[in-house]
Each structure stands twice: as C-alpha cells, then as structure tokens.
Amino acid sequence: MADVMPIKTPAEQALSAAFAAARATLPGKDVVDALRQAAFERFDAAGLPHRRVEEWKYTDLRALMREARPLAGPAGAKPARGIANVLSGVEADLVAIVNGRYEPSWSGAKPSDPDVTLTELFQFVADNPDYKLGQVPGGNDPAYWLNTAFMSGGVALRVKRGAAVAKPIHIAHVFAGDAAAAMYPRSVVIVEPGAHLTLIESFSGPEGLDYQVNSALELVIDEGACVDHIKVGCDGGSALRVSTLGVTVGGKANYRDFAFTIGGAVVRNQTFVRFTGEGSEGFIDGASLLKGRQHVDNTLVVNHSAGGCVSRERFKSVLDGESHGIFQGKIVVEPHAQKTDGKMMTRALLLSDEAEADNKPELEIFADDVQCGHGATAGALDPMLKFYLMSRGIPASEAEALLIQAFVGGVVEEIAHAGMREALMLAALKWLRSR
Amino acid sequence: MPLLEIKNLHVEIEGKKILKGLNLTVEEGQVAAIMGPNGSGKSTLAYVLSGKDNYEVAEGEVLLDGENILDMAPDERAAKGVFLAFQYPVEVPGVPTMTFLRTALNAQRKQRGEGELSTPEFLKLVRETSKYLNIDQEMLRRSVNVGFSGGEKKRNEILQMAVLQPRLAVLDETDSGLDIDALKVVADGVNRLRSAERSMIVITHYQRLLNYIVPDVVHVMARGKVVKTGGKELALELEASGYAQFTDEAA
C-alpha cells in the first residue's frame, strides 16, 4: 500500500512557514544548520504524531496542538517574584533557560563547583566538534526532530572525572512572554567517569497563556558515574509541553530519574535510556498529580544493550476531575544483554469517575537469561482503608488526603535528595489542599 | 442508664437480611460477650455500630447515652467514644503508625472541642501502652499494619484503643489467628482498659478468649438476634454443647 500523504494541518503549515522564515536567523548557523535542515525534513515528511503512530497513541499531538505558536523572542528582566516557586526552598545553582535561551542574568553565579563547566549550547557545539548532538537515544521521534530543527539555545554542562558535585544544579526552563509563543530549548549534560551530580530540571510559566514548549536534554553518564535527575513540571495550566530526555548509561553507573508533573494542560515526558555498559543500575520513577482536564503522558523506553544491569521503573498518578494520565513503558533487552533485571510498576489512583488512566507496559526480550516483569493497577481509593481511618475519628476529607499523600509519598520518598523530597511532598500537599 | 441500647435492629446488605430485630443493652462499665455460630450476624453488628456503609438499617435504633448514632458518620461516632477493634486490621501503606495515632487522637479531640494533646503527653501515653503490649518503637515507625504479623496487627488494634480511650469498645474476633501467648498479651492489654466508665462488647466464636477476658454477661446470637443471655458460665455450656441447639431451631 502506498503511503498516503495527509493534508497538512494549520499547525504543520505554520511550522513549515516558521522554519523557512527563521532558518537563516536561528542561532548556531555555522555549526548546526545542516542538522536542523535534515531534522526538519524528517519532521515535515512525518508530520505531527497522531493516534495511529503507536508511540503516540494516547497523545494525539495533531489533534491536541491545533496551532503552532510563533517562536518566542528574548526575555525581559527577571521577575521579582522568582521562578519555579515550587523549588524556592531548594538550594541549588540556578541555570535559567528563558524563552528557550540561556539567560545568565536570570541565573545564579556560574556553578560554584570548579569541576563543573557551563557553556552556552552553540558555543559548546562549536568548541567540541567531536560531540555530535543527538547521539543519545530518542533521536527517532518527530517531537525530537522538531526540537532539533528549531532549537533556540540552552547549555552544556560537563562534570569532571571523579568530581562529587555537592550542590544540585537546577536548569530552570521558564516561559516569560506576554503572549503565547513557542520555545525549543536543548541542553547537554555530560557526567564523566566516577563523577556525582544531582541535576534538577524545572518547567514553569504563567497561567492562562497557551504557550508551547518542546525541550530536549541529552544526558551522558559515563562509567561509574552517579546521576540523580529530577524533573519538575509546574507549567501554567494552559501550556503544552513535550520534553524528550535521552540518556546513555555507561558501565557500573548509577542513574536515578524522577519526573514530577503537576502543571500544564498537555504534557508529554518521553524518556529514552540505553544501558551501554555492564553492572549499572537505573531507577526511573515519577509522580503526576492532575485535575481539571490535564493530559499527562509519561513514555519510557529502557534499552538494555549491555548485560547485568538492573532497572526499576515506578510511576504513580493521582487523577482528579476529567484528567487523563498515561504511562507507556517499554523494556527492551538485546540478545547479548544476559542477566538483565528489569521491573516496571505503574499505579493510578482515580479520584473521580471522569478521570482516565491508560497504562501500556511492554517487554521486548531477546536474551534468555533475564528477569523482567511489569505490573499496572488503576482504581479508586479503597473504601475499606477510608473506613478504617474514619472509624478512628479521622473525618472523610482528612482520611482521603492522608491516603492520597501516602500513595504519592510511596514514590516521592525514593528521591535521594532530602530537599527535593520535601519540596515535592509540600507541592503535593498544596495540591491536595486545593482540591 | 445503660451506655448502649440497641432496639429492634433490622439490617440488610444488598437486600439480604442479616440482623432481624436485635435487642441488646450494655451497661456502663460492663463487659458483654457476644457468642454465636458463623453467619449469625456478629460481625455485621460490629460494623453497624461503627458506621460502615453498605449496611442498610431497615428498622430500629442504636442509642449511645440515649442518643441515636445511626445517622452519624464513622468519625463522629468515634469522637462519641465508639471504637471497633477489627477482625482483619487494614494495612495502610505510607502512613506511619505514630502519625496515624496522633492524627486520629487529635481529630477526635477536635470534634469534641478539646485541645490537641501535647507532644510529651502523647509520647508518654504511646510509650507506656506499647511497652505492655510488646510493641517496639520500630513498629511504631512503620506504616500501619504493613508487614505486621497477625499478632502484631491485633496488638496494634489494642494500642489504638488504649490511646483513643473509647467509651464503648467493640472487639470483633480479637482472638482469631492468635496463638496462646499472643492471646494472653492482647487479653492483658484489654483487661488493663477495663473501667467503670468503659463498656466493651467482646465478639467471639470460641470460649477460649473469655478465659482471659472474663465477661460480666454473655449473649448468644443466632439468625440475627440475641437468643439467650446469661452469666459467664453460659460460655462454658456453649463450649460443651455447641451452637446446634440455636441453629436447629431455624430448620
């Protein structure tokens, strides 16, 4: 059967026009122009992903993204009220990416640790011809191609071999326009052998503006390194965001990831992880607290291309109102990746009859000596639990709050950084009180 | 005045009649045993007293201190002093036992218009009680009943009872799943809580528990009613003769 070329949607037409108009002026022309062009061509041929694209089955971007917003312009002055307030109590070195560009004036001083180098993205690409953008997994995805085509800036962080960076580094993505626009930040984080880093990524923006974010982060974890990546989505309630995370994990490394999502109208966190060396561990967790008509999709592909690695994926969502929570998780074990131990668990707590949870776990195992499994549950609060609490004198609303808090707490407690654990638990409590 | 008066109570679950005109009076300070064959409605009575939903009261009254409690939510009843020690205590993942106890106690005190108990007072109360119930501090830090053995769960129920100091404690098959040593510990915990102001309803299938918690009165339930009432010696008679005499009547 011949491929049928569908009629382009207004959003796709706008993206084509925007690319043609902006290509000459997008930053990093001398180093990434060919890369942009190739990525755009791939995107243009495929169009926005829709429900018949299996990987995007539950997040029909063609339907959800009616219009493509114009590219965001440079930001003004840093607001006095601060950014990513959920994390205001967490001490970290702040790296602000505003409207898709690195803004030193919004950021803190350069990272306090001398073993960390921070470079503007295109400067980094120019200085490091050996580093090819997009070599991490996840490159075969239309949202990622779009990010590559339009990438507007970001940073590259390199943590020196063996360094133990004590203070977390916080890459804060902020939309700060007065009218809805689109931003395409791209950052690169390289953690050299044996180094330790806690990396926080946040996404925030104003309420009421249907701005669009398409971000990508390349995370390279070298042998024996230890990386904790915590992503906090607290976008404004009308925002549409797609974030692609590509990770390579070298041998004997320890990688922890946590995706916490509380904001945004439509959010897709897509994470692609590849274990390239033996004896590593990956703990990839997440929690979403959704209400109204929020749509949040956590999609995860974990590829064991080296043997003897352990991966654990645990995602929980609390769904109120008419919200829609999606978890797609795939564990791939390549033929030679023996002794792989991979387990995936997803649980959704439905607080209303109109809320919807979709879980799609997949295992693709090509090796014969592995332990892999997955489990998924979705359901309302257990009435027997609620009765037990009430029979002890705890009123209904307080009993519910306590049980939801416990449900979320069960996974938030896995975050190693105490300050982040507290900040996210506090955000969850605030969410509960606002119900 | 009796603490509890149940008058002509009819209760259905999903259209099935379980309690069929039950009458029961428990005096203040009294320990009343309720014995009866399986399916006689003992556990239903326990749940109806504490306010579990899905139990439809078709007729009758339950008066606590002369006040009908049937329209009250479980938490309101608890604040009035009703406590149910569950036959199968529920696991509450993610809620540490200590947090649970404190939240429950303060919620009850708040409903009664009393101030919160100070932290030292609360800790003292928990420490003293947990000591004689053989509950160690590690257990108090763990999530309520999660990973607890059968005996630990039952001891935890009695701990909650001791902290919440109810006026009417309903113990539903507290002996089930306990070996003799665990049973003694639990019974000892219950006996310490006996007082002139506190009444207890001890529901059990077997007489064994009543050797350790000696009742003031024994009621026999069958087919959704109290069919016989007597002194503690009635329990021994039942142990010898069985429940057949009560169930046969239904045939």
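Tutor: F246(B) is buried, with 21 other C-beta atoms within 10 Å. This is a predicted model, where local features need pLDDT of at least 70, side-chain atom pairs count only at pLDDT 80 or more, and totals for chains, interfaces and linings use all residues. Residues are numbered from 1 along each chain as its sequence is written, while chains are lettered from A and ligands numbered from 1 in the order in which they are written.

Student: Why is F246(B) called buried?

Tutor: Buried takes 20 or more other C-beta atoms within 10 Å of the residue's own, exposed means 12 or fewer, and partly exposed is in between, with C-beta atoms placed from the backbone. F246(B) has 21, so it counts as buried.

Student: Which residues is F246(B) in contact with, leaving aside neighbours within four places in sequence?

Tutor: They are P37(B), V220(B), A222(B) and V227(B). Contact means that the two C-beta atoms, placed from the backbone, lie within 7 Å.

Student: What makes helix 6 of chain A largely enclosed?

Tutor: 6 of its 8 residues (383-390) are buried, so the rest of the structure largely encloses helix 6. Helices are DSSP runs of H or I, at least four residues, and strands are runs of E, at least two, numbered from the N terminus. Among the buried ones are F387(A) and Y388(A).

Student: How do you know that strand 1 and strand 2 of chain B pair?

Tutor: Pairing needs at least two bridges found by DSSP. Here 8 bridges join these antiparallel strands of chain B, and H10(B) stands opposite K20(B).
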